[in-house]
Amino acid sequence: MLVIKNLEAYYDRIQALKGITIHISKGEVVSLIGANGAGKTTTLHAISGLLKHIEGEILLDGRSIKNTAPEKIVGMGIAQSPEGRHVFAPLDVLDNLRLGAYIRSDRQETARDIEWIFELFPRLAERRNNLAGTLSGGEQQMLAFGRALMSRPKILLLDEPSTGLAPLIIKEIYSVIEQIKRDGKTILLVEQNAKLALKVSDRAYVLETGKVVLSGTSSELVQSQDIQRAYLGSSVDGFLGK
Amino acid sequence: MGVCNTEIELMNRDELDLIKIERLQATLNRAENNVPFYRDLFSKNGIVPEKVRSVGDLANIPFTTRDDLVEHQPYEFFAVPLRDIARIHSSSGTTGTPVVVGYTRNDRKHWAELLARTLCAVGIDSTDIVQVSFAYGLFSGGFGLDMGAEYMGATVIPVSVGEVEQQIRIMRDYHTTCLFSTPSYAMQIGHVMKKKGIRSQELTLRKGLFGAEPWSEDVRSKIEQSLGIVAYDIYGISEIMGPGVAGECEYKDGLHVWEDHFIAEIIDPESGNVLGPGEKGELVLTTLTRESMPLIRYKTGDITSLLDKPCKCGRTHTRLSRITSRKTDLIIIRGVNIYIRDIEELLGKMFEIPVRYQLVVSRDDQGDNLEILIEVTGELFTDEMRSYRHKESTIKHVLAGRLSFEPTVRFVEPSHFPPQGEKYPRLVDKRNATD
């Protein structure tokens with residue numbers, strides 16, 4: 001469904017992506033894992049059309065979406081839930097969600113979808129009339145997530161949904177990811193927390209300094225001792241001490 | 001017949017090609033990061049792995065040879081720390097010094113799954129009783145096929161190699177339905193059955209999977225007749241994984257290379273140029289999923305060609321034509337080319353029973369010499385002395401015509417060879433050692 005071939009991205013003169021090739025098939029949850037600065041978020045931004053200096057190919061259902069304006073890309077069915085809870089602080093929760101559906105015109109459907117989001121995130125329902133700026137970090141993350149879902153995307157891009165959040169909130173957010181995965185949504189997930197990402201995704205790519213160094217099914221990667229050492233924080237030497 | 005992994009084996013070419021380039025890029029990046037040999041190779045040759053944008057770009061990367069592996073024994077080709085290696089095998093050393101091959105847990109899983117694909121493809125399933133008569137040990141054949149058969153749910157009898165009579169006894173008593181062995185061992189088994197008057201109908205054998213040495217269609221039909229089975233070819237090379245790199249399907253029309261795990265190229269062994277579909281040359285393999293020991297453009301020494309037409313079975317993975325020789329099968333003695341299989345054919349004609357032999361090439365002041373060692377089993381002993389002499393002189397005579405000098409023929413005790421069924425070098429070339 002989404003194919004990225006030899007993608008290179010630059011911030012000024014610094015090359016953040018050095019030719020990565022990845023794909024996401026319909027109904028799959030794919031995660032990009034790697035350390036800070038590996039190029040994970042850059043990849044999402046490139047897909048969303050937020051970067052100017054990119055080379056390579058980005059194909060959605062065989063059609064190139066490279067150099068397409070971000071709002072058009074949303075129209076084509078790709079929505080990104082940004083890291084750092086970029087919500088519209090002066091607007092209330094409902095309006096934030098309605099904004100997510102700006103590409104759609106059917107108000108009834110929009111209302112139905114808002115109810116669906118409230119089912120997924122009961123906390124947001126309780127705070128439907130609160131200004132987004134007054135929400136906690138976790139709630140803002142949920143709102144950003146919900147807003148991305150409001151465009152009914154073919155592919156949902158999730159950027160670091162766990163960053164800076166309390167364990168309980170993370171659990172809630174991930175249970176929603178599980179739920180929409182079961183509904184058959186296609187998701188590209190970027191996570192520094194590899195353990196979480198590998199738990200929820202079908203496959204994953206490991207990025208290092210702008211390059212893919214490993215890929216495979218998540219169950220395989222969890223088994224890989226390389227991954228365990230570098231990203232899962234567990235050590236195979238541990239048992240020797242016990 | 002069944003397909004083990006429908007999604008992958010029947011995947012459309014575009015998707016398969018995409019997976020190949022994805023995995024190739026990751027392999028090159030990992031090799032550069034983790035294997036000093038490749039880091040040096042790339043930097044010396046100005047190769048920037050991230051500039052490899054298509055499978056075709058591989059052609060710019062130098063080959064990896066067996067000599068490279070030999071030079072970096074035992075562990076320098078490993079891309080993971082030794083503690084991540086779950087198992088070590090070593091190449092059989094048919095053509096020289098054995099080299100160590102490591103597997104991580106994931107490598108072993110992939111290995112089992114790839115073998116299961118081939119078992120499925122030839123119609124072996126969980127109801128089968130599989131007799132694994134490949135050597136168990138450092139050689140990857142026995143344990144590899146054992147693992148593949150178990151993965152697929154079959155009942156496994158790990159007989160390994162040894163006395164042929166025992167193989168037949170087990171086959172009969174335990175109702176074996178599938179035999180896995182080298183083709184020459186299967187020939188031996190067929191021969192002993194005939195000698196003992198055991199008809200194939202008395203057995204429950206129905207299929208066999210044979211590999212680890214080149215074998216001809218003629219050998220295939222002999223095995224099929226003598227054992228009353230359908231015989232399939234399976235290909236592998238220890239350095240790359242072991243058996244299971246490629247295998248036949250029910251149509252016996254070439255061996256499917258599992259392209260989601262390996263890239264196969266055919267090159268001109270002399271110039272190193274990549275050859276097109278249908279052209280015969282040396283097989284070069286690149287691993288795509290190997291965690292322990294990624295190998296890039298590894299020269300296998302096996303001579304074959306790629307069949308790019310779709311197979312009737314529906315699998316989209318490309319096929320190798322049957323490997324009938326290895327590059328090292330060609331011996332040049334006193335400037336004359338001769339293939340080992342030509343000598344093998346001659347011996348096959350001279351002796352009606354399968355005989356084991358070894359060719360020893362050496363050099364002295366007179367030039368190159370060829371000695372043909374032929375195993376004398378009990379059966380040959382009963383032969384008349386005169387017929388011996390006759391065979392010896394015929395062999396000498398026929399080969400002298402080809403070689404322009406007379407080779408030596410020597411009959412040797414079975415103890416000169418390893419146990420029946422085990423691989424051994426058909427050719428010992430002592431010339432380089434004395435140079």
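Two strands pair if DSSP finds at least two bridges between them. Keep that in mind for the sheet. One caution: this is a predicted model.

Start with strand 18 of chain B, residues 357–364. Three bridges join strand 18 to strand 21 of chain B, and the two run parallel. One residue pair to look at: B:Leu359 has B:Leu427, in strand 21, as its bridge partner.

Now the whole sheet. It is open, with four strands of chain B in the order 20-19-18-21. The pairing is mixed. Which strands stand at the edges? Strand 20, 408–412, and strand 21, 427–429. Each has a single partner strand, so one side of each is left without a neighbour in the sheet. From one strand to the next, the twist averages 20 degrees.

Next, strand 10 of chain B, residues 262–267. Five of its six residues are buried, so strand 10 is largely enclosed by the rest of the structure. Its pairing with strand 11, residues 281–287 of chain B, is antiparallel and covers six bridges. There, B:Phe262 is bridged to B:Thr287 in strand 11.

Last, two helices of chain B. Helix 5 spans residues 105–121, and helix 6 spans residues 140–151. Their axes are 8 Å apart, and the packing angle is about 70 degrees. Anything from 65 to 115 degrees counts as roughly perpendicular, so helix 5 and helix 6 of chain B fall in that class. Who meets whom? From helix 5, the residues include B:Trp111, B:Leu115 and B:Leu119; from helix 6, they include B:Leu145, B:Met147 and B:Tyr151. The contact residues divide into nine nonpolar, two polar and two charged.

Notes
Residues are numbered from 1 along each chain as its sequence is written. Chains are lettered from A and ligands numbered from 1 in the order in which they are written. This is a predicted model: local features need pLDDT of at least 70, side-chain atom pairs count only at pLDDT 80 or more; totals for chains, interfaces and linings use all residues. Axes are lines fitted to C-alpha atoms, for helices over the stretch in contact, and angles run from 0 to 180 degrees between N-to-C directions. A residue is buried if 20 or more other C-beta atoms lie within 10 Å of its own, exposed if 12 or fewer, and partly exposed in between; C-beta atoms are placed from the backbone. Angles under 35 degrees count as roughly parallel, over 145 as roughly antiparallel, 65 to 115 as roughly perpendicular and the rest as oblique. Two residues are in contact if their C-beta atoms, placed from the backbone, lie within 7 Å. Ala, Val, Leu, Ile, Met, Phe, Trp, Tyr, Cys and Pro count as nonpolar, Asp, Glu, Lys and Arg as charged, and the others, Gly among them, as polar.
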